[in-house]
Amino acid sequence: MNRAGNRVRVLLLNAALDPLDYRVPEGMVVESGSIVMAPLGPRKVPGVVWDADSFDVEEIDAKKLRPLLEVRDAPPIAAPLRRLIEWTAQYYFAAPASVLRMVLSSGAAFSDNRPTIEYQMNGTIPDRMTPQREQAIEKLVDVQGTISKLATKAGVSVAVIRGLEKLGVFDRFEVSPFGAMVLPDPEHGPPQLSDDQNRVADVMKQAVAASDFKTFLLDGVTGSGKTEVYFEAVAEALRQDKQTLVLLPEIALTEPFLERFVSRFGTEPVTWHSSLKQSDRKRNWRALASGDAKVVVGARSALFLPYANLGLIIVDEAHEVSFKQEDGVRYHARDVAVMRSLNEKIPVVLASATPAIESRHQVEQGNYELLELPARFGGATMPEIEALDLTQDIPPRGNWLAPTLVNALEENLGKKEQSLLFLNRRGFAPLTLCRTCGHRIECPNCTAWMVEHRLTRRLACHHCGHVMPQPDKCPECSDEDSLVACGPGVERICDEVKLLFPEARTAIVTSDTIWSPAKAADFVAQMEAGAIDIVVGTQLVTKGYHFPNLTLVGVVDADIGLEGGDLRAAERSFQQIAQVAGRAGRAEKPGHVYVQTRMPNASVIQALVKGDRDGFYEAETEARKAAGAPPFARLAAIIVSSEDNSEAMETARLIGQTAPKVDGFNVFGPAPAPLAMLRGRHRHRLLVHTQRSVDLQQIMREWLENLEWPRAVRVGVDVDPYSFV
């Protein structure tokens with residue numbers, strides 16, 4: 001019990017407040033981690049009972065303490081997760097309540113847990129039938145569910161089902177709102193693994209059985225069977241009656257992953273992502289908090305859920321930038337996963353075909369154990385990669401595909417094999433320009449161009465989401481028929497493909513077209529059925545998919561990622577192109593990859609063509625070391641924003657002028673951010689660079705906490721930044 005007398009400290013779900021002390025009423029039983037409701041002014045606010053010595057809070061006279069209102073019927077938040085909340089808040093400069101909100105995000109801990117009412121037909125046939133009633137009775141044999149679910153299943157209105165229920169057609173049942181979980185079976189579909197795969201799987205299985213902290217970097221080429229191998233570690237966790245968390249970088253990857261999971265374990269895991277209905281989120285939260293859910297597959301937010309008996313964490317595609325959250329609590333799920341594993345004393349597996357330099361550096365430092373799968377499974381070979389010099393292999397005017405790539409597409413169509421064209425740019429064109437006056441259509445809320453989406457006849461900002469109809473005339477000079485689309489997006493490439501190969505069946509795969517697991521499942525089904533000949537897609541298609549008949553990949557513009565001042569630009573480009581190249585030739589048919597570029601001698605392109613991954617990483621790592629860049633130093637960004645540019649500028653200057661004078665601690669800026677306006681707010685940035693031995697968090701906290709700025713100004717800190725815009 002964590003109390004002094006009847007006093008307890010409570011962390012409320014209010015980021016503006018420090019933890020507060022409350023009185024425990026007579027007869028109420030609480031412990032550290034208990035989820036409670038507490039009074040705050042006239043309101044009733046949720047919170048968690050915390051360790052009394054975790055926060056420095058001013059003591060209040062016990063007579064002035066207000067009593068807790070109730071303890072919720074939910075498992076307490078365990079000590080390892082409470083420590084993770086504290087560490088995340090301290091490391092990433094976030095309010096502890098903001099981190100706690102991710103733990104309690106479903107609302108399941110605060111729901112009343114009343115049973116739901118479900119119905120099932122009992123054989124009664126009403127005297128008066130209608131076509132809709134006949135349809136419902138025909139389709140609902142042996143189906144049990146709520147009124148709304150039965151209506152959806154039968155394809156009729158809710159009123160039809162309610163009418164039948166009043167006529168006594170259904171029996172009524174009370175059902176727990178959380179239901180029973182079907183447990184995955186570790187012995188359901190054991191795979192035939194190669195010697196290399198068995199060797200790696202055995203190491204991970206032993207770590208799971210040992211129940212001790214260890215970080216593995218599972219480094220395997222695309223198609224080497226990393227998923228099948230770490231599934232064996234999942235199976236061992238199931239045998240030990242422990243829970244497993246698998247983090248995926250994209251929701252769209254969930255559905256293909258689930259199919260492989262069902263094949264191995266006989267049932268689906270519990271999922272956690274933004275597309276879940278609220279009722280499913282509550283059910284899944286309760287199942288994992290109680291220990292009923294044994295395997296959870298989810299996006300980065302699943303990392304903070306209150307697992308009852310976590311035994312293994314797997315971060316798939318661990319190099320992915322999308323594991324870094326860019327707003328709210330700016331955490332990196334890969335790094336927080338390692339910290340959670342340390343707190344829970346369990347193994348964590350970082351799986352990737354193109355590991356981040358930071359992860360490789362941890363292996364060299366002896367902090368991570370390297371597990372390698374150097375060859376594709378089943379005798380499949382790595383694809384041949386060829387660079388196409390766009391200054392020599394020139395596309396026809398108005399086109400974007402080089403003649404060599406067009407010929408390869410034609411040949412692949414003739415062989416009835418599938419092709420993929422990759423361009424990491426959504427929409428039809430990134431810029432709309434007036435040929436009369438030169439006006440460029442920009443977002444009214446951001447310093448960014450509006451991107452033309454011809455399929456929806458809209459211009460959209462990919463930063464704030466602002467959309468507008470395509471104008472008929474120039475907004476600046478009012479000249480009609482003067483607006484032209486500049487540059488290609490995936491829609492424009494798809495149009496070119498349709499003109500070149502009108503008989504080819506095409507599909508565009510981006511976050512605009514594949515926005516849910518169901519959409520992803522439909523795309524996979526069409527590919528596997530051979531209903532698509534040529535896919536045109538963004539980074540969404542670079543990972544996780546396995547299509548045996550996909551043998552040709554064309555990278556339309558390999559130079560996009562090399563533009564700008566991002567210190568990870570070369571590494572990201574290498575990872576992205578290597579991942580998309582890995583979609584080709586994953587079965588018995590060999591694959592071929594064409595990389596269109598205007599810089600064929602760039603180190604990234606040369607490394608890809610020669611297959612010299614280790615050489616690229618070594619050179620890039622040495623360049624980082626020479627530049628004093630991560631992982632050999634640390635960075636933190638300070639982002640100042642306001643609707644009033646002068647206020648933002650003055651605050652940024654104040655921060656820069658008061659920077660601490662500490663050896664190994666340097667502050668650069670302020671300067672207007674590359675994206676100088678975002679969602680209507682003017683932005684300025686400073687960059688902090690420190691040696692690894694410097695306590696960055698402590699120095700920055702003492703520095704910033706002593707400053708004051710206007711209330712309308714927001715100052716955010718991004719530790720270990722991945723975005724520099």
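Modeller: Happy to! Two strands count as paired if DSSP finds at least two bridges between them, and the strands (E, at least two residues) and helices (H or I, at least four) are themselves DSSP runs, numbered from the N terminus. The model is predicted, so local features need pLDDT of at least 70 and side-chain atom pairs count only at pLDDT 80 or more, while totals for chains, interfaces and linings use all residues. Residues are numbered from 1 along each chain as its sequence is written, and side-chain values use heavy atoms, leaving out hydrogens and water.

Let's begin with strand E1, residues 7-12. This strand pairs in the antiparallel sense with E2 (residues 20-23) over 4 bridges, and Arg7 stands opposite Arg23 there. E1 also runs antiparallel to E4 (residues 43-50), again joined by 4 bridges, with Leu12 opposite Gly47. In a regular strand, side chains alternate between the two faces of the sheet. In E1 both faces are covered, with Arg7, Arg9 and Leu11 on one side and Val8, Val10 and Leu12 on the other. That makes 6 of 6 residues buried, where buried means under 20% relative accessible area, exposed over 50% and partly exposed in between, using a 1.4 Å probe and protein chains only.

Next comes helix H11 (residues 357-364), which packs against H17 (residues 613-627) at about 90°, with the axes 11 Å apart. H11 is therefore roughly perpendicular to H17, a label for angles of 65 to 115 degrees. The axes are lines fitted to C-alpha atoms over the stretch in contact, and angles run from 0 to 180 degrees between N-to-C directions. From H11, Ile357, Glu358 and Arg360 meet Arg613, Asp614, Tyr617, Glu620, Thr621 and Arg624 of H17, contact meaning heavy atoms within 4.5 Å. These residues divide into 2 nonpolar, 1 polar and 6 charged; Asp, Glu, Lys and Arg count as charged, Ala, Val, Leu, Ile, Met, Phe, Trp, Tyr, Cys and Pro as nonpolar, and the others as polar. The buried residues of H11 are Ile357, Glu358, Ser359, Arg360 and His361, and their cover includes strand E14 (347-352) and helix H15 (569-581). After H11 comes Gly366, with a positive phi near 85°.

Finally, Gln697 sits in helix H19 (residues 696-705) and is buried, with a relative accessible area of 4%. The Gln697 side chain reaches the backbone oxygen of Tyr91 at 3.0 Å.

Methods. Parallel < 35°, antiparallel > 145°, perpendicular 65-115°, else oblique. Polar contact = N/O pair within 3.5 Å; in protein donor to acceptor, adjacent residues only side chain to side chain.
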